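Welcome, and take a moment to look over the chain before picking up a pencil.

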Amino acid sequence: MCIRDRGRKIAKTDILKVASKFKNLSHEWFSSKGITQYETITSLGATEGSNKLGTSDIIVDLSSTGETLRQNNLKVIDTILKSSACLFYSKKSLKKKGVKVGIVNAGKPLPMLSVQDAVNENLIEPIFIGDQKEILKCAEDLKWDISNYEIIHEPIENNTASIAAKLASEGKIRFIVKGHIHTDVLMKEVLKREYNLLGKTRLSHIWHMTIDKEDKPLIITDGALNVLPNIKTKMHILKNVINFSNRIGIERPKIAVLSATEEVLDSVPSSKEAEEITILAKKENLNADVFGPVSYTHLRAHETRGN
């Protein structure tokens, strides 16, 4: 999402300062528009406020309702990507009763619609956590009767995360589903030792993408949680994604360990690590075909050819 301050004027000769966590995506957008006079500034949080502080002219950031944009006197210039919340499952799960899940800060259109879809597929039995009036209003707008489901009233957004974590630690829910809440707020609670939700498992982020229901998925990991992971951490991430793939019906996933180059070079550390991970995966006889180093361009070319 590209946004700028409503009241500020930018001259054509100015070098634009762009604040974002998505530097590559920003670069692609500006290149597509033929804009070269800009510099990107890495934002580690509260990107909307950088414009008020005068550290940026434009921001590229995620937005759901647009409320924080209005609060910071910003307007949308263009939408780069659209995303939706999805819940993934194996076909075997259709035969089972829906599992108990906690919807953290429910009551906004997108998470409520996703939960409704999951309920209709008999995947989940939701417990809604959030402002009861907003939850009921959203359900009414969707023409969805949720009278059979529990609602835990908590009007303060950040407090909904601790309620969900406590429910999970007590075994009252099997999954925590992120609703309209900042990821860092939710993860801060989930990672607290007092809840003992992770045990000895390392948490990693998985991005699952498909075009339609019949499309083969493209899965990317880890793009959000583990910063500068070493080889040991990357092996945990690898095992997590293999386990996830198995759970959604992919018996033996094909995994490419990405690098800027497919030639193993001392000057490109990612190529050395990709080679090491590939060797370790074979030694540990992991249930996956692991290849590396592989460039993303080469990977997409294989996909285009149907390999």
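This is a predicted model: local features need pLDDT of at least 70, side-chain atom pairs count only at pLDDT 80 or more; totals for chains, interfaces and linings use all residues.

Residues are numbered from 1 along each chain as its sequence is written, and side-chain values use heavy atoms, with hydrogens and water left out.

**Exercise 1.** Describe how helix α6 and helix α7 pack.

Solution. Start with the elements: helices are DSSP runs of H or I with at least four residues, strands are runs of E with at least two, and both are numbered from the N terminus. Helix α6 covers residues 159–169 and helix α7 residues 183–190. Next, take the geometry: the two axes lie 9 Å apart at an angle of about 35°. Here the axes are lines fitted to C-alpha atoms over the stretch in contact, and angles run from 0 to 180 degrees between N-to-C directions. The crossing of α6 past α7 is right-handed (the near helix is turned clockwise from the far one by less than a right angle).

**Exercise 2.** Compare the span of helix α4 with the expected value, and find what its buried residues pack against.

Solution. First, the length: α4 (residues 109–120) has 12 residues and spans 16 Å from first to last C-alpha, close to the expected 16 Å. That expectation is 1.5 Å times one less than the number of residues. Second, the buried positions (under 20% relative accessible area; exposed is over 50%, partly exposed in between, with a 1.4 Å probe and protein chains only): P111, M112, S114, V115, Q116, A118 and V119. Third, the partners of these buried residues are β6 (99–104), β7 (124–130) and α5 (132–141).

**Exercise 3.** How many salt bridges does the whole structure hold, and how is K100 paired?

Solution. Begin with the count: the search finds 11 salt bridges, each a side-chain nitrogen of Lys or Arg within 4 Å of a carboxyl oxygen of Asp or Glu. K100 pairs with E125, their closest N and O atoms being 3.3 Å apart. K100 sits in strand β6 and E125 in strand β7, so this pair links distant parts of the chain, 25 residues apart. Both ends are partly exposed, K100 at 31% and E125 at 23%.

**Exercise 4.** Which residues does K234 touch beyond its sequence neighbours, and which of them is its salt-bridge partner?

Solution. Setting aside neighbours within four places in sequence, K234 contacts P229, E273 and I277. Its salt-bridge partner is E273, with the closest N and O atoms 2.3 Å apart. Because K234 lies in helix α8 (residues 231–247) and E273 in helix α9 (residues 269–283), the pair ties together parts that are 39 residues apart in sequence. K234 is partly exposed at 24%, and E273 is partly exposed at 25%. As for I277, its C-alpha is 7.8 Å from that of K234, although they are 43 residues apart along the chain.

Note on methods
Contact means heavy atoms within 4.5 Å.
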